[in-house]
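Hello,

Please open it first and then read on.

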Amino acid sequence: MQQASQLLQQAATGQVVLAADVTKAVYSLAVGSGDGSAYEAVQKVYEQMSALQSLDPTDKDHALRALARASTAPLISRSLQYALSPAVRTQDVAKLLVDVAKQGGLGFNMTWEFIINHTDDILKKYGAGDVTYSFGRPLNKLARLFVDESLVERLKSLEQQQPGLLSPTFVEEANEARMLNADWLRLQGVDACAWLADAVATGGSSDSSTVGGNG
């Protein structure tokens, strides 16, 4: 990650030119390192590419998705706030939020906290458009990641307060996934923890067996 940050800074100052096939990885690893200057460099790249419509949109997409790889609370917060800024197109708002949440853990929890606390800002960003289709539908990818019953209950309240923000079946799917995940943890959690502890202790090279498998 440190090397990626160095490459990014060198590219930003014109010392090196990143090959197309490594750009995505460099952006993502640099942001994931937690380096604030690397984050700002990628953000600047995104905004420069947005201003130059003739550039390959794939490069711009790589830069935006890299911002979702933020690994510290301050940078995650910046990415979430950035999603609702004028710099990010309406059609890319949900993409950025979903990518942050898909990192799991802190990113997942902060994303939902942000959505719950910024519903008015989200609706304002989308205007009179179909927010369920443009915003709610992309969030469906996150339903399978739920493990927290209290968060599902908060989303039930959100659904009542802001009907149409989420897809009609989202809360139901999130709750079903939460129960399935809870069942898996109850049945396999101890074995999984033991397997992970052994993998860490041995460097993951002792064998290739899978958790809960037949060996």
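**What turned up: the aromatic residues**

Phe146 is buried, with a relative accessible area of 0%. Here buried means under 20% relative accessible area, exposed means over 50%, and partly exposed is in between (1.4 Å probe, protein chains only). Before going further, please keep in mind that this is a predicted model, in which local features need pLDDT of at least 70 and side-chain atom pairs count only at pLDDT 80 or more, while totals for chains, interfaces and linings use all residues. Residues are numbered from 1 along each chain as its sequence is written, and side-chain values use heavy atoms, with hydrogens and water left out.

Back to the rings. The structure holds 6 aromatic pairs. For that count, rings of Phe, Tyr and Trp (its six-membered ring) pair if their centres lie within 6.5 Å; planes under 30 degrees apart are stacked, those over 60 are edge-to-face and the rest are tilted. Phe108 and Phe146 make an edge-to-face pair, at 5.1 Å centre to centre and with 80 degrees between the planes. Because Phe108 lies in helix H7 and Phe146 in the loop between helix H9 (131–136) and H10, this pair ties together parts that are 38 residues apart in sequence. The helices are DSSP runs (H or I, at least four residues), numbered from the N terminus. Phe108 is buried too, with a relative accessible area of 6%.

Which kind of pair do Trp112 and Phe146 form? Theirs is tilted, with 5.5 Å centre to centre and 55 degrees between the planes. Trp112 lies in helix H7 and Phe146 in the loop between H9 and H10, so this pair ties together parts that are 34 residues apart in sequence. Both Trp112 and Phe146 are buried. Together, Phe108, Trp112, Phe146 and Phe170 form one aromatic cluster.

**Charged side chains**

Side chains of opposite charge can pair when their charged atoms come close. A salt bridge here is a side-chain nitrogen of Lys or Arg within 4 Å of a carboxyl oxygen of Asp or Glu, and the count by this rule comes to 8.

Lys95 is partly exposed at 26% relative accessible area, and Asp61 is partly exposed at 21%.

Lys95 also has a salt bridge with Asp92, at 3.4 Å, N to O. Asp92 and Lys95 both lie in helix H6, 3 residues apart, about one turn of the helix. Asp92 is buried, with a relative accessible area of 5%.

Another salt bridge joins Glu113 and Arg154, whose closest N and O atoms are 2.8 Å apart. Glu113 is in helix H7 (residues 105–117) and Arg154 in helix H10 (residues 149–161), so the pair ties together parts that are 41 residues apart in sequence. Glu113 counts as partly exposed at 35% relative accessibility, and Arg154 is partly exposed with a relative accessible area of 34%. Through shared partners, salt bridges join Asp61, Arg65, Arg89, Asp92, Lys95 and Asp99 into one network.

Where do the buried residues of helix H5 (residues 73–83) sit? They are Leu75, Ile76, Ser79, Leu80, Tyr82 and Ala83. Seen down the axis of H5, these residues fall within an arc of 160 degrees (taken from the directions from the helix axis to the C-beta atoms), so they line one face of the helix. They pack against H3, H4, H6, H7 and helix H8 (119–126), where contact means heavy atoms within 4.5 Å.

H6 is mostly covered, with 9 of its 12 residues buried. Among them are Val93, Leu96, Leu97 and Val100. What covers the buried residues of H6 includes H3, H4, H5, H7, H8 and H9.

**One serine**

Finally, take a look at Ser50, which is in helix H3 (residues 36–51). Ser50 counts as buried at 18% relative accessibility. A polar atom of the Ser50 side chain lies 2.9 Å from the backbone oxygen of Tyr46.

Enjoy exploring it!

Methods: Helices (H or I, at least four residues) and strands (E, at least two) are DSSP runs, numbered from the N terminus. A polar contact is a pair of N or O atoms within 3.5 Å; within protein, one must be able to donate a hydrogen and the other to accept it, and residues adjacent in sequence count only if both atoms are side-chain atoms.
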